[in-house]
Amino acid sequence: MEIKDILKQTRVSLAPMAGITDYVLRTLIREQSKTCILTTEMISSEALHNVKETDMTKRDENHSPIIYQLSGHKPELMAEGAKYLEPMADVIDINMGCPVNKVVKGQDGSALMKNPSLAYDIVQAVKESINIPVSVKFRLGYTQETMNFVPYGQYMQEAGAEFITIHGRTRNQMYSGKADWKKIRELKENVDIPVFANGDVISIDSAIQCLEESGADGVAIGRGALGDVTLIARIEHYLNTGEKLPPPTLAEKIETMKKHLDMEIELRGEKVGLKFVRKFYPFYISGVPNAAKYRSKLVVMDDYKEIIEALNYIKNNHSNTISSMV
């Protein structure tokens with residue numbers, strides 16, 4: 001499948017998030033949207049070289065279109081990893097945007113924005129090793145003083161990238177401040193390949209504003225999809241019809257959370273699954289009165305029955321709560 005064929009179906013993708021966009025979350029989002037672009041967690045080419053079996057690569061037949069995101073800084077290992085992932089993927093994305101210290105210190109992620117020639121070699125090596133599209137995800141630059149996203153994007157296009165996702169912050173900003181969607185327009189106007197805008201798209205209205213300001217071909221949804229697996233589908237629906245569907249009620253979000261919990265337990269086993277889902281509770285109960293109190297209790301619970309009872313209590317006592325995110 002070529003990029004142009006994928007983009008005929010949708011203008012919305014799930015942005016990759018380490019430890020978040022796992023098989024379960026991707027499956028829940030696919031149940032809502034049959035056409036959006038799913039994206040895996042960041043998969044280390046070094047780790048893949050040493051251990052081929054990983055939960056991160058798990059997918060269902062209906063997960064296409066799906067991007068498998070690969071991280072690393074050694075062209076030969078990146079090419080090897082891409083070749084391994086190719087049968088599962090519709091696109092291989094190269095992570096050049098992760099800002100966390102342990103990734104950057106290893107010369108991966110955003111660190112590649114300081115070394116365009118190495119990034120070029122990686123894209124070229126991956127492109128030559130597979131027969132599916134290659135994309136890149138990066139930021140505005142490493143620092144505010146060294147924003148190089150326009151020439152960098154042009155260089156990645158020259159190397160063989162067919163699709164770009166850009167987060168509207170620098171590496172040093174991490175996730176603070178506000179994503180600069182207007183800067184993304186500068187990139188869009190200076191490359192010939194599709195560009196998706198990423199950062200702070202948490203509602204239908206913010207998606208509209210992001211597309212207007214950035215001129216991007218589409219939006220990549222990250223944290224906005226947490227606690228609301230319908231958001232991507234609702235944005236797609238608006239872009240296709242002009243109709244704004246309502247967000248899920250609290251009762252619907254709690255039922256999804258319970259399903260999320262059950263699926264993680266099935267995937268990982270009860271002990272690991274119960275711990276893994278703790279990071280999702282705050283998003284599902286966001287906006288509920290006394291949410292901090294509920295969250296502090298949920299994240300230490302390790303008994304399945306007790307967790308279900310707590311979630312039902314929240315649902316039954318705040319049944320009229322509706323997310324303000326449209």
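Colleague: Where is the place of Pro 65?
Modeller: Keep in mind that this is a predicted model. The peptide bond running from Ser 64 to Pro 65 is cis, its omega being near 0 degrees. As for the place of Pro 65, look in the loop between α3 (45-50) and β3.

Colleague: On to helix packing. Are α7 and α8 roughly parallel or oblique to each other?
Modeller: Helix α7 covers residues 149-159 and helix α8 residues 181-188, and their axes are 9 Å apart. The packing angle is about 40 degrees. Angles under 35 degrees count as roughly parallel. The α7 and α8 pair is therefore oblique.

Colleague: Which residues of α8 make the contact with α7?
Modeller: The crossing of these two, α7 and α8, is right-handed. On the α7 side the contact is made by Phe 149, Val 150 and Gly 153. The contact residues divide into three nonpolar, one polar and two charged. From α8 come Lys 183, Glu 186 and Leu 187.

Colleague: What about α6 and α7, are they oblique or roughly parallel to each other?
Modeller: Their axes are 8 Å apart, and the angle between α6 and α7 is about 30 degrees. The cut-off for roughly parallel is under 35 degrees. So α6 and α7 come out as roughly parallel.

Colleague: How many nonpolar residues does the contact of α6 with α7 have?
Modeller: This crossing of α6 and α7 is right-handed. Helix α6 brings Pro 116, Ser 117, Ala 119, Tyr 120, Val 123 and Gln 124, while α7 brings Tyr 152, Tyr 155, Met 156, Glu 158 and Ala 159. By class, two are polar and one is charged, and the nonpolar residues number eight.

Colleague: Is the crossing of α4 and α6 left-handed or right-handed?
Modeller: Helix α4 (residues 75-85) and helix α6 (residues 116-129) have axes that come within 8 Å and cross at roughly 35 degrees. As for the hand, α4 passes α6 in a crossing that is right-handed.

Colleague: How many charged residues are there in the contact of α4 with α6?
Modeller: From α4, the contact takes Pro 75, Met 78, Ala 79, Ala 82 and Lys 83. Its partners on α6 are Leu 118, Asp 121, Ile 122, Ala 125, Val 126 and Ser 129. Eight of the contact residues are nonpolar and one is polar, and the charged ones number two.

Colleague: Which residues that line the largest pocket are the closest to its centre?
Modeller: About 530 Å³ of space lies in the largest pocket. Its lining divides into 14 nonpolar, eight polar and four charged residues. Of the 26 lining residues, the closest to the centre are Pro 16, Met 17, Ala 18, Lys 137 and Tyr 175.

How values were computed: Residues are numbered from 1 along each chain as its sequence is written. This is a predicted model: local features need pLDDT of at least 70, side-chain atom pairs count only at pLDDT 80 or more; totals for chains, interfaces and linings use all residues. Side-chain values use heavy atoms; hydrogens and water are left out. Axes are lines fitted to C-alpha atoms, for helices over the stretch in contact, and angles run from 0 to 180 degrees between N-to-C directions. Helices (H or I, at least four residues) and strands (E, at least two) are DSSP runs, numbered from the N terminus. Angles under 35 degrees count as roughly parallel, over 145 as roughly antiparallel, 65 to 115 as roughly perpendicular and the rest as oblique. A crossing is left-handed if the near helix is turned anticlockwise from the far one by less than a right angle, and right-handed if clockwise. Contact means heavy atoms within 4.5 Å. Ala, Val, Leu, Ile, Met, Phe, Trp, Tyr, Cys and Pro count as nonpolar, Asp, Glu, Lys and Arg as charged, and the others, Gly among them, as polar. On a 1 Å grid over the protein atoms alone, a cavity is a set of points where a 1.4 Å probe fits but cannot get out, and a pocket is an open set with protein on both sides within 12 Å along at least five of seven lines; lining residues have an atom within 4 Å of a point. Grid points are joined across faces, edges and corners, and a volume is the space filled by probe spheres set on the points.
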